[in-house]
Amino acid sequence: MSDLSSDGPNPSGSDAQSIAAALIAEGEALAARGELISAQTRYRQACTADPDNAEAHFKLGTALYHAGDNETAVFHLQHALAQRPEDPRVLNNLGAVLGRLRRYKEAIHIFVQAFAVDPQNAAAAMNCGRLLVTLGQVAEGERWLTQANQVRPGHSETLRLLAEARLALGQPHLAIGCGEKAVAADPKNPFAHLALGQAYLGARRLQSARHHLKTYVKAQPNDPKGYFFLGEVESKSGRTAIAHKLYKHVLGLDIDDQFRSMLALKSASILPVINTSDAEIQTHRARIESALDTLSRPEVDDPYLSGGFTNFYLGYHGRNDVEIQKSMAQFYLDCCPALAATAPHIGTPPRTGKRRVGILSSFLRNHTVGYLNHGLIEHLDRERFEIVLLRTPILPIGDPLADKLTAMADEVIDLPDALVSARNLVFGAELDLLYFPEIGMEDLVYFLAFARSAPVQVMGWGHPVTSGIPNVDAFLSVADMEPDGAQAHYSERLVALDGLSVCMPKPGLPENGKTKDGFGIDPDAPAYVCAQSLFKILPACDTLFKEILERDPSGRLYFLSLETDSDDVFLSRLEKTLGPLMSRVKILKRVSSADFLSLLKAADMLLDIPHWAGGKTSFESLAMGTPIVHWPGAFMRGRHTLAFYKKMGVMDCVVDSAEAYAETAVRLVHDHEFRQRIRAAIAENSDVIFNDTSAIAEISDVFDRLITEARHA
């Protein structure tokens, strides 16, 4: 067909339609041959020949979209839509170009319209979900992506986006299923590997995370995200030297200044999961202190979004952390003063009626924190208080304890995995007191604690280390767990309770549980079991274990696996102290919660850790009637078991020296009469540490007093 000029009079009627149709056909042929500019010309001529021709405007708008001329593409696609308001092709393409222009709300409206016209339009549902996630409406975005996946199952891009949405909702376990299907559908899609790697990382399946993140890095060598998340994997695996190199590599890439400042601190502060020597601990701490003194403090809009972190493993050094924690908190405040934002209701006249207590945590579920705070949620005085649970990701899905705690609360607010949005929701709860069962285990909770969200803000001993955060007013502790001069260990005001601060049901004895050999414990040899996480066991403990094995030539020493790399580091360190005695050391596989009770019951005795005593583990061990050798440490975190024994009035296994620790352990294993006497005393008296509602009544009074003091300050 000859080229038609756009000059001159326009044809009309059927002639115009025929000319336009011919021009469109010629444009399609040109596009098929790759002659895209010429194709655009034909489509434009078709629009001139027949200005109301929807197909011509659709073709031209689509061609312009692919050419990057987005504003003009919108004009022509909107013109096409005016003629064909229910054409799914027009709706899809218009939504796509509006999304590219970041006119997200308009794009979402178009995609919703497209899906309403055609409920089988998976592309519209997918794009709608993607944009909603981009706007921060993650839950709604996840719902649309789920619909898209139902309409078009097995589509790699939909599954990848769904995995990312579920990660943003704090649901890594659900994200894994989507990510695995996304990779299976398109193994060469690097972004599917990235999403799956992040999901495995969130679920602590570190070896799988490492594999997929390495795949992503190989395909996208210039993207800092892959190296950063791979560094997180290596850090959590205890391979700190590798993690440090990865972070250093990211610092050399094109990253924004805010992320750079947070990563520089992380790179300097990275700590091993397993410490190999006391000298190593001191070196790490000196490096962190130096970094906090010397690193620049640029303006950071959102430390959490930019990679800020809580240094979880710092507390496992057996040192007083108050100054270093205060310095780290001040670093973040210097970079982002907005962290200390104040809720609008602070300073206004208090409401009448019940006082609102918020409980904020990532672990209001089947976790030690959920277990320890079960009684607080159930028994806090409802005549005086309303309880608002504020749950941060990882959100509990199908968790029986989470459901039980939810039913006990007066209100439940699920917070998004975004600092500012989450903080605004906490502000909106208009709390009189905000209680953090722990601060320091999850980054989002740590940064939320910087704000003044309630007139009174209190933390508990779920992670028994001071926060160092100025707006955390009080640390709720237990008098029998604290050594003399304990206030010097806290930046918060220390509130030491007479009771144990917890009220928990006593676990029942497992029925038909496994015996020693079912866990890999030699039933014919004396067994010394340490059921604490390996990162709690400092190098100074190794001589205790050596003393026990030297005193008992037939004894076997058992620990619980943490993770393959960490297990290897721990065993390698232990071998330097034990030498040939290592032949009598074994790492047991991790077990389920039910089997863990059976393991505690089957053990002749348990070894506590002086630097970080058992909390939930000690409660459960005593419920099973199993003695625990306990040497109280220098800090509250090493003295939990002491308080339990004091409450029970059973002090035979509390010791004051390394020699007494080893002697008591060996005696419990070999002196049948002594072991049975201790077991009987524990069985007779352990009920007093369970179902203790008086402990929660004491907390009710403390909360009431703190709120009253704040109102009259």
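How many nonpolar, polar and charged residues does the lining of the largest cavity have, by class? In this predicted model, that lining comprises seven nonpolar and four polar residues, with no charged residues.

**Cavities**

- The residues that line the largest cavity are Leu372, Asn373, Tyr435, Pro437, Gly460, Trp461, Gly462, Leu476, Ser501, Val502 and Ile699.

**Second largest pocket**

- The second largest pocket contains about 300 Å³ of space, and among the 16 residues of its lining, Tyr371, Pro505, Pro507, Lys616 and Glu620 lie nearest its centre.
- Two or more lining residues of this pocket come from each of helix H18 (368-379), H19, helix H25 (593-602) and helix H26 (616-623).
- Sorted by class, the lining of the second largest pocket has eight nonpolar, four polar and four charged residues, whereas the lining of the largest cavity has no charged residues.

**Nonpolar cores**

- In soluble globular proteins, nonpolar side chains tend to be buried together.
- The largest nonpolar core has 123 residues, and the members that touch the most others are Tyr332, Phe559, Leu607 and Phe619.
- When neighbours within four places in sequence are set aside, the contacts of Tyr332 are Met262, Leu265, Pro303, Gly308, Phe309, Leu339, Tyr446, Phe447 and Phe450.

**Backbone details in loops**

- A cis peptide bond, with omega near 15 degrees, runs from Pro393 to Ile394, and Ile394 belongs to the loop between strand E2 (385-391) and helix H19 (400-408).
- Arg102, a residue other than glycine, has a positive phi near 65 degrees, and its position is in the loop between helix H5 (88-100) and helix H6 (104-117).
- With a relative accessible area of 66%, Arg102 counts as exposed because the value is over 50%.
- Glu430 is likewise not a glycine, yet its phi is positive at about 50 degrees, and this residue sits in the loop between helix H20 (419-428) and strand E4 (433-436).
- Glu430 has a relative accessible area of 39% and is therefore partly exposed, since this class lies between the limits of 20% and 50%.

Technical notes:
Residues numbered from 1 in each chain as written. Predicted model: local features only at pLDDT ≥ 70, side-chain atom pairs only at ≥ 80, totals over all residues. Heavy atoms only, no water. 1 Å grid on protein atoms, 1.4 Å probe; cavity = no way out; pocket = protein on both sides within 12 Å on 5 of 7 lines; lining within 4 Å. Nonpolar A, V, L, I, M, F, W, Y, C, P; charged D, E, K, R; others polar. Core = buried A, V, L, I, M, F, W, Y, C linked by side-chain atoms within 4.5 Å. Buried < 20%, exposed > 50% of the residue type's maximum accessible area, 1.4 Å probe, protein only. Contact = heavy atoms within 4.5 Å. Helix = DSSP H or I, 4+ residues; strand = E, 2+ residues; numbered from the N terminus. Points joined across faces, edges and corners; volume = space filled by probe spheres on them.
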